[in-house]
Amino acid sequence: MNIDAVRLMSVQLYEFKNVRYGEVKFPNYGCLNSKAEANYSDITGVYGQNGSGKTALIEALDISRFVLSGQSVNWEYSGIISDDRLTHICLTLFIGINNGYKVIYDFYLKKNNAKKRIEVYKESITYWTKGYAWKKDRNIVFTNPFYDDDFVDINTVNKLSVKSNNMSKYNNIAFLSSMQTLALYCAGKNQAVFFNDKILNALSEIDDEEAKDLRIVLNRLFQFAISEMQVIKVSQLGAIIDNSLLPLNMYHKTDSSIIQGCLPLFINGQGEIPIDAYNLFAPTIEAINIAIKAVIPNLQIKLETVNEIIKEDGKKYIQLDVFSVRGEKCFLMKYESEGIKRIISILHYLVSVYNNPGVCLVVDELDSGIFEYLLGELLGFLKDEMKGQLIFTSHNLRILEKLHSRNIYCSTINPDNRYIAFTGVENNNNKRDYYIRTLSIGGQKEELYDDKELLAMGYAFRKAGRLKKELPELHFSDEFEARLHAEESEEADN
């Protein structure tokens, strides 16, 4: 299947959070790399024990979205960027324009605690065009010296340019040999040098074949990150659990525009929505109501306008209530279960990734609060007919029974090799049972679960119970007291 879209082929992480090195190759990596075709369902589920790097992968993709869209990386990620080593993320992507482009984009991040910002210190982009095989390897590398110190030596600045193995190919793109202005601009805005309006506008004015290819590559990835890639982080669950608002993840495409993002739908009391945002809710809720009938029968969502007000800033707002309608019964959405609200929150984007080959949806803890049988059926249905790309983490093993082994990656306990493909599964194996058996007896290239500490679990719980000495209001049975004294005596003897 040829695709007129951008697809993530692989992602590599270095020195990122608890990952010293890890690589995930998505299901179509091989066929895109060899034939520029997507032959398989592009769903990837990542499974593993707590703390083994699943969320790190989602966070790395979210940071990549910031960088590719020309935005500053949010400072909230400062806690997972190394203080003493450069954090390095490497993306391999396919662009389905003309015969196709394969792109490798490397970027290095460092943390500036004094200025409270995460800096894109070094970038490298390599791309190929597709003919009979991948050809015309082009490579550009740039390190921004304005991130090194507050003062940059003038001689260094005057010689500032990109480096390339084939620099002669870029002779007609003059600004690549004189990058000081662009580098200073990007350092001030805390942007990537290759993904910002200045470089894209400059390339559009150059009539040159190499400039055209570079413009297509940079502009298409820029648009992909802005309008087609959505990362739903686990932090959205907090708002759902608190019952404060329902994060409505939506993707709306027309002939002239694409609108995507997360609309906050207030469900605890009357919410006030700007009139422009309110106009986006209507088609989104309509689409959700059509799809939700197949997922949760007899459930519909209703928005009820309470009032229209104009605030001091002159902007118009709509006050509304959000209702859940089941048959003839109607009640406020805040009284629905966490799982129902979670499904509603992501359903519009699932509809979009099902219908649109250009959409890439990344979800952390997809299974949170959702009935496992329903989730398994939903993923099984998406696997067979979905056009876009879905990447998720989960703890729910029911999904394993619905996916092909090529759609499953495992996080490991080895920080130097955090992610491995799920291998060794025969056609007649139940993948759920096989995975559980692998946790206890092995069989993959890396260990997936560290069960050594389980042997000490009882002792740890008993030792924690000894804190009763500092908490006199707690009381334990005589039998338990005797066991604790016996263990203390044994420890003393040892």
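**View A. V295, I343, I346, L347, L350, L366, I370, L374, L375, L378, L379 and L382 line the largest cavity.** The model is predicted: local features need pLDDT of at least 70, side-chain atom pairs count only at pLDDT 80 or more, and totals for chains, interfaces and linings use all residues. Residues are numbered from 1 along each chain as its sequence is written, and side-chain values use heavy atoms, with hydrogens and water left out. A cavity is a set of points on a 1 Å grid over the protein atoms alone where a 1.4 Å probe fits but cannot get out, and lining residues have an atom within 4 Å of a point. Across the whole structure, one cavity of 30 Å³ or more is found. The largest cavity holds about 70 Å³ of space, a volume being the space filled by probe spheres set on the points, which are joined across faces, edges and corners. α10 provides the largest share, five residues. By class, the lining has 12 nonpolar, no polar and no charged residues (Ala, Val, Leu, Ile, Met, Phe, Trp, Tyr, Cys and Pro count as nonpolar, Asp, Glu, Lys and Arg as charged, and the others, Gly among them, as polar).

View B. Of its 13 lining residues, A291, A294, V295, L378 and F381 are the closest to its centre. A pocket is an open set of points with protein on both sides within 12 Å along at least five of seven lines. At least two lining residues come from each of α8 (275-295), α9 and α10. The classes in this lining are 11 nonpolar, one polar and one charged.

**View C. Helix α5 (residues 197-204) and helix α6 (residues 209-227) have axes that come within 9 Å and cross at roughly 145°.** Axes are lines fitted to C-alpha atoms, for helices over the stretch in contact, and angles run from 0 to 180 degrees between N-to-C directions. The crossing of α5 and α6 is left-handed (the near helix is turned anticlockwise from the far one by less than a right angle). On the α5 side, I199, L200, L203 and S204 take part, meeting A211, L214, R215, L218, N219 and F222 of α6. Contact means heavy atoms within 4.5 Å. Seven nonpolar, two polar and one charged residues make up the contact of α5 with α6.

**View D. R117 lies in strand β6 (residues 117-130).** R117 counts as buried because its relative accessible area is 15% (buried means under 20%, exposed over 50%, partly exposed in between; 1.4 Å probe, protein chains only). Not counting residues up to four places away in sequence, R117 touches W75, K110, K111, N112, Y147, A187, G188 and N190. N74 is 43 residues from R117 along the chain, and their C-alpha atoms are separated by 7.7 Å.

**View E. Q230 is a residue of strand β8 (residues 229-232).** Q230 is buried, since its relative accessibility is 6%. Leaving aside neighbours within four places in sequence, Q230 is in contact with N249, Q260, G261, C262, Y349, C360, L361 and V362.

**View F. The whole protein has 13 helices and 18 strands.** Helices (H or I, at least four residues) and strands (E, at least two) are DSSP runs, numbered from the N terminus. Of the 494 residues, 51% count as buried. Among contacts between residues at least 6 apart in sequence, 61% join residues at least 24 apart.
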